[in-house]
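Hi,

Here is the structure I promised to hand over. Have a look at it first, and then read on for what I found.

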Amino acid sequence: AVVALIWFQTRKRFEGLNLLVVYLFVQLAGITLIALRGLIPDFVSIIVANALVVGGSMLAFVGLEKFTGMRSSYVKHYLLLTVFLLLHLVFTYFLPSQELRNINVALAILIISFQNAYLLLSRVPESMRKTTAPMGYVFVFLVFVGLFRLTKFFFAGFSESEYFHSGQFEVYVALMFQIAYFLLIFFLVLMINRRLLDEIGAQEEKFSKAFKHSPYGIIISSLNEGRIIEINDGYERMTGYKAADVLGRTSKQKKIWLNDADRDAFVEELSKNGRVLNRIIQIRKANGELMTGEFSSEIIYINNEKCVLSALNDITEKKKAEY
């Protein structure tokens, strides 16, 4: 449910999250069918249930690849799933063995966990590893659990038993898997949030540089008061006003507009249409000189407050040349 909520909020931003949501629900379905063993046909509680668990883990790998922007061939996964299902059928109906089925599941999960760990810790670009590494280490933990489980199976001998009476060792294994799955969800949430923060930071840096170094004078102000919130280098260069002189002040206080009635008419049109393009205005520069400017503005929202993003182009010399 947590991951589904995050997918709903970020589904248009990141690929692969839909597969991770499907993976978790498929895992839930598989575990539920296993829990119903003895109440439903063996084919469903053994073959179908474990196919969902292993197939779901493969979906998680594909989802993580898409999320990290990596791609690979999935032929090997189809082959792995096919071999797994064939072996499970053999160990259920032809050579019935709970222990061999456990080995089959453990080996399949081990292979997929290794692929996930390798993806998140090595295959992804180095710049992304800080984001993906915590989740990658959880898959490393699952690899070691799988290796430990297989080692026990091969060296401690086989003891045929019912699935729900497999002994204390399998109880501990199941507990470790559940802890790992909780950690996977926790670190998946952190990984998505870290990706969001990284992208927001990159966008912020990109737009900050575009704002600061634009050749046009750019100003952000409140709509109602005309209180100046931010100006860029181009505005300082054109008007002679420094940020320290105007930030927090209104255009009326600084007498920037030559005629306050022109500003009021401009604000009225802006409020009505949401934007005003290429309006010719006259403003006072810091030294008192008049400047003819081509002014375009659009309403934006900052902290739920209506503000105005404006771009100013100095056309004083152009107008003089026309006369």
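This is a predicted model: local features need pLDDT of at least 70, side-chain atom pairs count only at pLDDT 80 or more; totals for chains, interfaces and linings use all residues.

Residues are numbered from 1 along each chain as its sequence is written, and side-chain values use heavy atoms, with hydrogens and water left out.

Now the overall picture. The chain has 11 helices and five strands (DSSP runs numbered from the N terminus: H or I of at least four residues for helices, E of at least two for strands). Its C-alpha atoms fill a box of roughly 100 × 35 × 35 Å along the principal axes. The radius of gyration is 32 Å, whereas a compact globule of 323 residues would have one near 20 Å (taken over C-alpha atoms; the globule rule is 2.2 Å times the number of residues to the power 0.38). Of the 323 residues, 42% count as buried (under 20% relative accessible area; exposed is over 50%, partly exposed in between, with a 1.4 Å probe and protein chains only).

One spot to look at is Trp 257, in the loop between α9 (243-246) and α10 (260-273). Trp 257 is buried at 10% relative accessibility. Leaving aside neighbours within four places in sequence, its contacts include Asp 262, Arg 263 and Gln 282 (heavy atoms within 4.5 Å). Trp 257 and Gln 282 are 25 residues apart in sequence, yet their C-alpha atoms are 6.6 Å apart.

Then there are the aromatic rings. The count comes to seven aromatic pairs (rings of Phe, Tyr and Trp, the last by its six-membered ring, with centres within 6.5 Å; planes under 30 degrees apart are stacked, over 60 edge-to-face, the rest tilted). In one of them, Phe 186 and Phe 187 have ring centres 5.3 Å apart and planes at 70 degrees, so the pair is edge-to-face. Trp 257 and Phe 295 are also edge-to-face, at 6.0 Å centre to centre and 90 degrees between the planes. Phe 295 lies in strand β4 (residues 290-302), so this pair ties together parts 38 residues apart in sequence. Trp 257, Phe 266 and Phe 295 form one aromatic cluster.

Best wishes
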